Amino acid sequence: MASSSAKSQKKKKKQRGGGGGGGNGGGESRVSSWSSSSPSMSHENGSSFWDLTPGTSKNCCFVTVGTTSFDLLTSLFLQPLNCIYEPLFEQLMRLKVTHLVVQRGRGYGIYHGEHMMLEKDNDNVIYKIPYSTFGIADSIEEIFFNSDIVITHAGAGSIFEALSFGKKVIAVTNPGLMGNHQAELADELAKRRHIVTVHGPENLVDALKTVDLDALEPYVPGNPATIANEINKLIGDYPL
Amino acid sequence: MALSSWLYSIVPRDHYLGEVSSWKPYLNIYVTTLLLFATIVSFLYAYFVSLTALNWPPVTKTIGDRHRPYALMVVLGAGGHTAELMPLVRALTEPEPRSTKPKYVDRTYVHAFTDVLAPKRALAFEQERNSHPDEFRIVAIPRAREVGQSYFSSIASTLKAMWWCFSLLSKHPPDLLLCNGPGTCVPVVMAAALVRIGLIGWRMPSRAARIVYVESAARVNALSLTGNVLHVTRLADRIYVQWESLADPENDIFYVGRLV
């Protein structure tokens, strides 16, 4: 009980401080909050996935497809050994992504290992992005909390969860899924400038080239108490 | 026995013996049976709709001068559906000692057998509240229709799911039935409606379950299939949508705010 309440307090603090600014400062405390409860976030050799050299900032990108299967999206990030998808890697570099976490959901994407380093030699400057991947976890709230950019499938649950953590959300619709019904919500939220919507994973790189995440407006979450009051009136025991 | 003798009485005498290769001589049986069923179903349905329109049977508000503890039943769906509905359950059951709002002290969470995460979320929610184990229960029912199942066989599986729901409703009769979109909620709602008009379970401690349907936030321009079914058949007492563009108060579709 105590730990969960502490967590929620931390979340509130984070939200008050404004989402997306998590990259700078406070690195040590955040690293310590990544304790053992997150789903296997350590390398095989024992060093922590989130070890940061002092003075550097963390900018984590979380790619999630929830509990669904969307291999066309995850396989852009999860390439076999030393076969990175360079256009996407360049865009991640442009967005200054330092860590990458990929949730595969129920998908069967081909990937090399649970933990890997994406490396690219760019004029003798080697860019490295450590990544970690998992399938389905009971609770991914900590990952949302620790990430700055969320690239998600266009499912309502994932989008709203990321928005509730005040993150920059890029939603990728799945055109092959049941008449593309998810695009409805993603388009509406994009129209209100809360998220960036990309139609199909094949357009992700082009969208990242021109994306302006700072122009997004924060989403004000709804209040379930209003509907709860209406329901209580229906039940009839509540003063009208 | 009564049914079979009635059938024999309307079968043409010539066809008692001998081979009949055509369906035509039996046409009158088919038509009569169908008409009979259609009449019974339409009468029951009209009865139900008139009862709901009159808001009957009423919810009993108090026992003595104390507020009656209410029973709540929540139908949980896959990931996004559960994530939307749990904040509403939290708002409904938030303990406020001095308020006169209904206290849902008895909670039943229903989920499909194939759903793994929904019961975990419900359990986490209850553990966070420090609830007594007798206060809530998490129950699984079969799905009404698997993905890709044919419509004809889905009738049988819906009836099977309804059978499970009857036993569930008889054990834990709810005052409020909350659902927000998964196909699992259709048999539960149908069973609750039948119990409410008193057709089934007239021996059980029946409560008039108010059925509230909250449309998923993923729906911006059109109701989902479940929402359409519950709206057209008027099985739900109240339908709430989460986007202004979908609201139609004249048609009993209300927007009062968003859950997430």
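Predicted model: local features only at pLDDT ≥ 70, side-chain atom pairs only at ≥ 80, totals over all residues.

Modeller: The contact draws 40 residues from chain B and 30 residues from chain A. Between them, chain B and chain A bury about 3100 Å², and 65% of that area lies on carbon and sulfur atoms. On the chain B side, the residues that lose the most area to chain A are B:Trp243, B:Arg258 and B:Val260, which together make up 16% of what that side buries.

Now to the polar side of the story. The rule finds 1 salt bridge across the interface of chain B and chain A. A:Arg192 forms a salt bridge with B:Glu244, with 3.7 Å between the closest N and O atoms. There are also 6 residue pairs in polar contact across the interface of chain B and chain A, both residues being at pLDDT 80 or more.

As for secondary structure, α3 (79-93), α4 (117-129), β6 (176-179), β7 (210-214) and β8 (238-241) of chain B each supply at least two residues of the side that touches chain A. The largest share of that side, 6 residues, comes from α3(B). Sorted by class, the side of chain B that touches chain A has 21 nonpolar, 7 polar and 12 charged residues.

One last stop, on the annotation: an unreviewed UniProt entry places the feature "transmembrane region" at residues 27-50 of chain B. In the model, residues 27-50 of chain B are 100% helix and 0% strand, and their end C-alpha atoms are 34 Å apart.

Methods:
Residues numbered from 1 in each chain as written. Chains lettered and ligands numbered in written order. Heavy atoms only, no water. Contact = heavy atoms within 4.5 Å. Buried area = accessible area lost by both parts, 1.4 Å probe. Salt bridge = Lys/Arg side-chain N within 4 Å of Asp/Glu carboxyl O. Polar contact = N/O pair within 3.5 Å; in protein donor to acceptor, adjacent residues only side chain to side chain. Helix = DSSP H or I, 4+ residues; strand = E, 2+ residues; numbered from the N terminus. Nonpolar A, V, L, I, M, F, W, Y, C, P; charged D, E, K, R; others polar. UniProt positions renumbered as here; feature names shortened; annotations may be inferred.
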